[in-house]
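Student: I would like to learn how to read a few features from a model. Where do we start?

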Amino acid sequence: MSRDEDAGDSGFERFEHFLEQWSRRDFLKRTGGAAAYVAFLAGGVEFLEACAGGGGTQSATPKKGGHVVEGNITDIRTLNSMLSSDTASNQVIGLMFDGLLNQKKNGDLIGAIAQDVPKPSSDGLTYTFKLRDNLKWSDGQAITADDVKFTYALAYDPQYKDFASPRRGDLSKYIASIDTPDPKTVVVKTTQVYAPFLASHGLYGILPKHVLGNLDGKALNSAEFNSGPTVVNGPFKFKSWDKGQQVTLERNDSYWGGAPYLDQWIVKVLPDSVALTNQLKTGELDIGPVDPGQFDNLKTTESVTTTEFPVPTFTFYAYNLNPDTKAGKLFGDKAVRQALLFALNRKQIVDAVFFGHGKVANSVEPPTSWAYKDKPKILYTFDKAKAESLLDGAGWAKGADGIRAKGGLKLKFDMITNAGNKQRESMLQVMQQSWKDIGVEATPSLIQFPQLVSQIVNIRTFDVFLVGFNWSNDPDEAPLYHSRNAVPGGFNGADFKNDQVDSILDQALGTLDKAKRKQLYEQFQDIMSEEVPSPVVLFNTGIYGWNKRVQGTDFGSFNQFGNRPWAHTVWVTDGK
Amino acid sequence: MLAKYVARRFLASLIVVLGVTAITLALMKTTSGSYVPGIDLNPALRPEDIARLRTQLGLDEPPQVWYATWLWNVIHGDFGRSMIDGSRVTDHIFERLPNTLELTATAIVIGVLVAVPLGVIGALRRGSKADHGLTVVSVAGFAVPQFWMGLMLILIFSVTLEQHGLPWLPSSGAFSAFQGGDLLDRVQHLILPATVLSFFYTSTWSRFIRSSMLEVLSQDYIRTARAKGMSERRVVYLHGLRNALIPLITLIGLELPGLVSGGLVVEVVFGWPGIGKLAFERALQYDYTTVMGVTFFATLLVIAGNLLADLLYGVLDPRIRYG
């Protein structure tokens, strides 16, 4: 008994002693470490200031070595270029895989592994790509025309019909055949003249046939390669993927454009845009997209540079025009559609919701497009009186409850957008208030993004939905406005059907004459400004921020995510 | 007797597992509409693509057929592949499990280490200012939402400290992006999320120890110990605390499933690459197979934790018999 007690007692004493010692030692150690860390950071800043003194990328000589950490708020899904359909994945894929073509920040196509952008044949059906000399995969094997053919076959050849590529619909429709007369030549024959072919389908990262060629479509869906490509042809090689946190890439010395200056490029996933901005400030991140709401927060940070540019993205709302629905009976009246748009103070939305980072939209083509018409037929500057007179004129009279009605039908509807997107949530509130002011009752409701997508492409019981859309650099907008895409699964969820628009969009797709296309798209924009089936509220802008130690980036409208032809020339001033 | 008890509990558990997974699937099926997991609004997608991808992923099958197939495969050890990235669901779970264990085990250890002394202090100095102070803090532990506390800690210990040029703590991830992953680096990343998570445990357990301690200290054997002239310290630590701790072990046993699922909110706020965050993100994207896999796994752990707690009860308290 007494032995036990003694042991217990001394045990407790030892424990107490240990606690004391441990906390003291640990405290000293930790503060010491932290202090050293801060000293290091402070030193880094001084050094940066010294470097930045002369200013400008041009005056400095690029240094080899070092790394950048880029932030993103969406998790990466796959690293296979023919499976990916989201920007977060495309961004990482773009650093590892080059396509036949790439694009400059203004959207102009340039050669990547192809020497140049091919001229279509005189009938507009055939594109002949010449590959660059001495192209090598990162394992030393030659990149040949067979690799290109293999990559595209994954999405058009019936042999690979089990491969879950989201590109199959388009590619199997437009590609007639791909021939490889010699290892450096790829001849693509299309089934019909399709103007956006190169812009839409010429940029997919080419995959190594010698690694994947022995797998069938089904096996390719779950190939190890998709989460850890062993062989690449882009500026950076795959190193590791810590799921849910980051992908680490390293320099590919055999890159055709020359070995990158950086040793590593790390893409890190963050919980939200606030965390991302904070980490740009603390220096944990070197590069990252900046949310408009966080811009001012970041602007005061000396160590960070920002750039802002128009992007081919717009935020729009759509009326349900299906005449069989209740909403269709309200919105079938053009005066209602126009009046609602006149009643929206969109300048205020841009200023209050997007903190001025955006542009009121006059057209359905984004201003980044070469077919953009700044002043189409009708301009909808905020005009409440005009909105009311339009509704009065069309017979929508205010009832006792202040809500307009016509023939027993009240001008009353629901609006949906995806929960969690703060800007869209705020926009619905502004819309509700603005429309209440003219005697229209619109009730906002928030649903999850998957449900919103289902509503748009399939269920279609909505009255009005609000969402954003991201375009390529081709002005074709058939996915949203052509009647053939009103079928289930298509994005024309508004059920907009206009013969004239269909015919213009078809003609513009079927000619390679740019001047002719521009003229057609101008006509299209005029009609859309008159019809306003799904008004574009604003054109969004892209903002990127980066630590001043990072040099050589050139973000722009079309060099945001997947396409960055300058990635291998990015370098860091401190070489770390 | 015990074997029979365990067998009966096991059979009952099977029904729970079936029920939970079936309800999970039903919830996803009824709310997903025609959404194809992982597909965004992408102008290059055609109606044919959406229809084809749905068929390939088996989304057009009736839910009961899908469920039966899934169950059959699970019985044969195959949890399937994620609908979004094609990776094995088990790979996803086991990749994230170590991170989750690191966070929650740390939080539980801190919780015990802090809760025990606090509970003892509260019991020994009942009614004192310290005791009242501890009561306020533990009520706060229940009342303050974890996400809010997480954001506040980030604001103070990452953002504000950094702005003033003071030592600060990283606010997201389990290690530094560049050359991270050594012990000090991981500990630095662990501090904030573990603090939030352990705050909750501390609040619960310190109250528990306090009342348990008070109860034990009023027992006859304590009075006997004091009567035979034992020092107060021995009375408290040796006779009091040891006995007061026994019920806590059961309580911690009940927290075992929390080792895996407990940190969901904390994981999301701190970008901690664990199972909770995985389940949360994949549920929002309707990755059926992954969500079902995690649900199955978590349900098993809850059941195992409960069973373990029940059995521990029997071991620690001889008055309890199973039959």
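Predicted model: local features only at pLDDT ≥ 70, side-chain atom pairs only at ≥ 80, totals over all residues.

Student: Where in chain A is A:Gly489 found?

Tutor: In the loop between helix 16 (478–481) and helix 17 (499–509) of chain A. The C-alpha atom of A:Gly489 is separated by 8.6 Å from that of A:Ser454, 35 residues apart along the chain.

Student: Which residues does A:Gly489 touch, not counting residues up to four places away in sequence?

Tutor: In chain A, A:Val457 and A:Asn458; in chain B, B:Pro47, B:Ile50 and B:Ala51.

Student: How do I read the contacts between the chains as a whole?

Tutor: The size of an interface is often given as the accessible area lost when the parts come together. Here we use residue contacts: 57 residues of chain B are in contact with 60 residues of chain A.

Student: Which helix of chain B gives the most to the side that touches chain A?

Tutor: Helix 2 of chain B, with 8 residues. The residues on that side of chain B divide into 27 nonpolar, 17 polar and 13 charged.

Student: And how do I read a sheet?

Tutor: Take the strand order, then the pairing. In chain A, 3 strands form an open sheet in the order 13-14-15, with antiparallel pairing. Strand 13 (397–398) and strand 15 (409–410) are the edge strands, each pairing on one side only.

Student: How many bridges join strand 13 to strand 14 of chain A?

Tutor: There are 2 bridges. A:Lys398 stands opposite A:Arg404 in strand 14 of chain A.

Technical notes: Residues numbered from 1 in each chain as written. Chains lettered and ligands numbered in written order. Contact = placed C-beta atoms within 7 Å. Helix = DSSP H or I, 4+ residues; strand = E, 2+ residues; numbered from the N terminus. Nonpolar A, V, L, I, M, F, W, Y, C, P; charged D, E, K, R; others polar. Pairing = 2+ DSSP bridges.
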